[in-house]
Amino acid sequence: MSQRLKCLQSINSLPINLKRQKQREQRKLNNGVGKNHKKNQKKLRKKGKSKNEDFEWQELQALISATESELKTILENEPVLADIPYDISPEELEGEIALAKGSGMTIYIQRDGLSTLTVVLPQKKPTIANLKRAIEIVAKLQLKRELRERQAERLKRRRYNAIIAKTSDDNEENIENLQQQQKQKQQQHSDTQKDIASSVSTKESDKTITKGARLTGELVCSTVHNGHQHRPNVSWRFLWRVYALYNLVTNQPINDENAGGRQLLSECGIENAQPLKFCKREKYFGRKRQK
């Protein structure tokens, strides 16, 4: 301990340039660990963990993509299971099994400006809480699939624009070679046309990419009716505080607060294959504040 203190004192007594040089040498000897030994050791451990975690995450993503592609091919080749998506959730699978057995309950949820949701409840006596949970799952999955389709269309457009640009460049090069044999003046004119055409093609490709680059989180109603876009990871606790379900057969809103949300759908007058829609809670029940 005394030797270490003497060493520190001798280092501190040196000029600033020699002092920093000594500190750098000590850091190299200690594998990049400087004065704060404990803190730097923790940083080194975190770095090692993060590298291992990144590698494990990449392996996991590769395994997920491989299993998804294998499932997709199996379902496409099987005619009975061709209408089932490869990213089906456990709740959707239970609903499909219940429909095959003839015991499931199907409810259609209409949304302003959006497609209707087909919700299948596998329970024998479903409650309002089961219905709300199923609506959340189906709406999130449908939004995820729509965003995936948009991304695939965007990638197709990019590839198509790249192929067009390559073919146009090849054709222009052939024309240039022919024009070089004829006259040098026409060559200059063709070069200017080439620059204009390439600039126009890049502008058009940028426009097509920016058009499909918007990300919307439309779960309850469209942005036209709502006035603003929801975030992709919107809280359903907030949405159920603002919106309620409306029975289109009886023309009455459904009070989901009775019996703590555990009221049966049959008690609320909801039957199989019945359409419902979202409505503003404040219009019928007043404003519901956060607890």
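1. A cavity, as the word is used here, is a set of grid points where a 1.4 Å probe fits but cannot get out. The structure under review is a predicted model.

2. Searching the whole structure at a threshold of 30 Å³ or more returns 1 cavity. The largest cavity holds about 30 Å³ of space.

3. Cavity lining. Residues K132, W240, A244, L245, I254 and D256 line the largest cavity. Sorted by class, this lining comprises 4 nonpolar and 2 charged residues, with no polar ones. Lys and Asp count as charged, so K132 and D256 are the charged members of the lining.

4. Surface patch. On the surface, a nonpolar patch is formed by L60, L63 and I64. Together these residues have about 260 Å² of accessible area. One of them, I64, belongs to helix α3, which covers residues 37–77.

5. Exposure of I64. Is I64 buried or exposed, or does it fall in between? The relative accessible area of I64 is 35%. Buried means under 20% and exposed means over 50%, so I64 is classed as partly exposed.

6. Y86 and its surroundings. Y86 sits in the loop between α3 and α4 (90–101). Its C-alpha atom is separated by 7.1 Å from that of L75, and the two residues are 11 residues apart along the chain.

7. Exposure of Y86. The relative accessibility of Y86 is 21%. Because the buried class requires a value under 20%, Y86 counts as partly exposed.

How values were computed
Residues are numbered from 1 along each chain as its sequence is written. This is a predicted model: local features need pLDDT of at least 70, side-chain atom pairs count only at pLDDT 80 or more; totals for chains, interfaces and linings use all residues. Side-chain values use heavy atoms; hydrogens and water are left out. On a 1 Å grid over the protein atoms alone, a cavity is a set of points where a 1.4 Å probe fits but cannot get out, and a pocket is an open set with protein on both sides within 12 Å along at least five of seven lines; lining residues have an atom within 4 Å of a point. Grid points are joined across faces, edges and corners, and a volume is the space filled by probe spheres set on the points. Patches are made of residues with over 30% relative accessible area and no salt bridge: like charges are joined within 9 Å, nonpolar side chains (Val, Leu, Ile, Met, Phe, Trp, Tyr) within 5 Å. Accessible areas come from the Shrake-Rupley method with a 1.4 Å probe; for residues, only the protein chains shown count as cover. A salt bridge is a side-chain nitrogen of Lys or Arg within 4 Å of a carboxyl oxygen of Asp or Glu. Helices (H or I, at least four residues) and strands (E, at least two) are DSSP runs, numbered from the N terminus. Buried means under 20% relative accessible area, exposed over 50%, partly exposed in between (1.4 Å probe, protein chains only).
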